[in-house]
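Dear colleague,

My notes on its contents follow.

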Amino acid sequence: MKIASLTENLVYVENKPAINVLMQTESSKEIRIVLKKGQVMKKHQTPFPIIVEVFSGTIHFGVHGTKHHLKEGDLITLSGGITHDLTALADSIVR
């Protein structure tokens, strides 16, 4: 058993998003991304389907040239192999 927190030990890095693996099992991985307003997580992809939750803040979630405006509490799903990017419109915590 492992316990993790989305809000404890937050570190906002000045020049890039802070990415931490909070926990991992055989079938899932929980990642916390901490972004300062204006920071960008460049285009990337994962081989597996993902569910992204904006825990706090506001972001643009870019997919295929479209920016989806997501706010605290919003969720978005994406199939594996799809390129996407994130831009923080406010200090944000994303999982």
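In the counts used here, Ala, Val, Leu, Ile, Met, Phe, Trp, Tyr, Cys and Pro are classed as nonpolar, Asp, Glu, Lys and Arg as charged, and the others, Gly among them, as polar. Please keep in mind that this is a predicted model.

With those classes, the lining of the largest pocket comprises eleven nonpolar, eight polar and four charged residues. The volume of this pocket is about 690 Å³. It is lined by 23 residues, and those closest to its centre are Lys-29, Ile-31, Pro-49, Ile-50 and Ile-51. Two or more lining residues are contributed by each of the elements β1, β2 (29-35), β3 (40-44), β4 (50-56) and β8 (84-88). Among these, β2 provides the largest share of the lining, with four residues.

Asn-9 lies in the segment before β1 (18-24). Is Asn-9 buried or exposed? Asn-9 has a relative accessible area of 67% and is therefore exposed, the cut-off for that term being over 50%.

His-64, likewise not a glycine, has a positive phi of about 50 degrees. The loop between β5 (58-63) and β6 (66-71) holds His-64. With a relative accessible area of 70%, His-64 is exposed.

Yours sincerely,
A colleague

Technical notes
Residues numbered from 1 in each chain as written. Predicted model: local features only at pLDDT ≥ 70, side-chain atom pairs only at ≥ 80, totals over all residues. Heavy atoms only, no water. Buried < 20%, exposed > 50% of the residue type's maximum accessible area, 1.4 Å probe, protein only. 1 Å grid on protein atoms, 1.4 Å probe; cavity = no way out; pocket = protein on both sides within 12 Å on 5 of 7 lines; lining within 4 Å. Points joined across faces, edges and corners; volume = space filled by probe spheres on them.
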